[in-house]
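Student: Please take me through this model one feature at a time, with the general idea and then the case at hand. Could we start with how strand pairing is read?

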Amino acid sequence: MLILTTEGKQFDGLEEQSILDAALKSDLVFEYSCKNGQCGVCKTTLLTGKVVELQAQLALTDQERREDKILTCCCAAATDLEIDSVDLSALHGIEIKTLPARVSHVAYLSDNIVEVRLRLPPTANFQFIEGQYADVIWNSIRRSYSIASISSEKEITLLIKRFENGQMSDYWFNKIQANDLLRIEGPKGTFFLRDAHQPLVFLATGTGIAPIKSILQSLEQDANYQQGNPITVYWGNRFPEEFVWQADFHKLKVDFCNVLSRPVADWAGETGYVQDIALTRLSSLGNTVVYACGSNAMIQSAKQQFIASGLPENRFHSDAFVQSF
Ligand SMILES: Cc1cc2nc3c(=O)[nH]c(=O)nc-3n(C[C@H](O)[C@H](O)[C@H](O)COP(=O)(O)OP(=O)(O)OC[C@H]3O[C@@H](n4cnc5c(N)ncnc54)[C@H](O)[C@@H]3O)c2cc1C
Ligand code: FES
């Protein structure tokens, strides 16, 4: 089956392979994050042809189905197709690799957050764009984690939240030992800074700060980057001790707004939801581009509210930390 995009790119689709995987195999990169139908990042319009659903398109509303929207991570081509997906050339040449990774450092930053550094083989040449994630594989369990470090660093750093009864949480919080051997597969995802020369709003909940930390640190270290527009980070947590990262920038000017979801004694910052606070504080959207990472509930609410306030959909980028199946 031949799959054609509105940009005029074309590639082969197989009945048993998602359109997204078929594109990736042909060195085309469309927007994606979770790859399991939950986040909606890979949503596009089916212009002609028919698809088969390989896994449930959970993120689609009934209205979107009626409008011929599909999730490219869930559907395969049943006939020749034309779709409205855009190839992200910035990610061309970034190869997804499976590599051994040794645990080199473990630091518990709070009862429920751990920072883990992984050392890759010296010859690995693991390249990524700040904001992307990798899958970590331990004992046949596979989970996705955003990379919190920057690409010029030798090791990769992850910021991991504990989930009650979580299989990987049990490893990270009870079993991990320095020098343990894991595997990683990556880099993955399309959450990266499209254009640094625009007003930037970052929204994060919990460890959703990880890729934002990576993006901001790469800007801080970029000798060619001159900041001409405001950068604001709204970071939400449930408890004050979960604000485990304090930025220390010399060049970048970033306005940080820490937000607690529920008021507690002695909290001088904002309380509520990051998306509500951000929208209240922004006097006008102008050319603002929004990058949101963390809980799917925050991302879906933020997207809907920002779009309702006039933000074009293509200026909202997100990475939802949804559950793995
Ligand atoms: C693209 C992507 C990037 C991610 N990056 C990070 C990251 O940088 N840091 C980080 O801490 N996590 C991240 N996650 C989430 C992570 O992959 C796991 O889902 C999470 O760590 C839980 O795994 P677990 O094995 O401990 O729990 P599981 O054994 O999978 O589940 C245990 C319990 O927790 C619930 N649960 C599991 N995962 C979630 C979830 N994500 N949201 C709500 N409930 C859940 C399950 O329903 C179950 O009841 C990311 C997810 C994705 C898709
Ligand atoms: S729904 Fe397809 S990438 Fe998340």
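**Strands, helices, domains and a pocket**

Tutor: Here β3 and β5 run antiparallel and are joined by three bridges, where strands (E, at least two residues) and helices (H or I, at least four) are DSSP runs numbered from the N terminus, and two strands pair if DSSP finds at least two bridges between them. In general, strands of a sheet pair through backbone hydrogen bonds, either parallel or antiparallel. Within this pair, T44 stands opposite I70 in β5. With β7 (residues 81-83), β3 pairs over two bridges, again in the antiparallel sense, and there L46 stands opposite I83 in β7.

This is a predicted model, in which local features need pLDDT of at least 70 and side-chain atom pairs count only at pLDDT 80 or more, whereas totals for chains, interfaces and linings use all residues. Residues are numbered from 1 along each chain as its sequence is written, chains are lettered from A and ligands numbered from 1 in the order in which they are written, and side-chain values use heavy atoms, with hydrogens and water left out.

Student: What is the strand order of the open sheet of five strands, and which strands stand at its edges?

Tutor: The order is β2-β1-β7-β3-β5, and the pairing is mixed. The edges are taken by β2 (10-12) and β5 (69-71); each has a single partner strand, so one side of each is left without a neighbour in the sheet. From one strand to the next the twist averages 40 degrees, an angle that is taken, like the others below, between N-to-C directions from 0 to 180 degrees, with axes as lines fitted to C-alpha atoms, for helices over the stretch in contact.

Student: Is the pairing in the open sheet of six strands parallel or antiparallel?

Tutor: It is parallel, and the strands follow the order β17-β16-β15-β14-β18-β19. Its edge strands, β17 (270-271) and β19, each pair on one side only. Two bridges hold β16 (residues 254-260) to β17 in the parallel sense, and L260 stands opposite T271 in β17.

Student: How is the chain divided into domains?

Tutor: The domain assignment gives domain 1 (2-87), domain 2 (92-188) and domain 3 (200-320), with bounds that come from an automatic or database assignment. The centres of domain 1 and domain 3, taken over C-alpha atoms, are separated by 29 Å. Their contact takes six residues from domain 1 and seven residues from domain 3.

Student: Why does the second largest pocket lie between two domains?

Tutor: A pocket is an open set of points on a 1 Å grid over the protein atoms alone, where a 1.4 Å probe fits and protein lies on both sides within 12 Å along at least five of seven lines; lining residues have an atom within 4 Å of a point. In this case both domain 1 and domain 3 give residues to the lining, so the pocket lies between them. The lining has 28 residues, of which E31, V41, K43, K303 and E313 lie nearest the pocket centre. The elements giving two or more residues to this lining are β3 (43-48), α6 (296-308) and β19 (316-320), and the largest share, four residues, comes from α6.

Student: Which backbone values deserve a second look?

Tutor: Most residues other than glycine have a negative phi, and most peptide bonds are trans. In this model, S140 has a positive phi of about 70 degrees although it is not a glycine, and S140 sits in the loop between β10 (133-138) and β11 (141-146). G186 and P187 are joined by a cis peptide bond, with omega about 0 degrees, and P187 belongs to strand β13 (residues 181-188).

Methods: Contact = heavy atoms within 4.5 Å.
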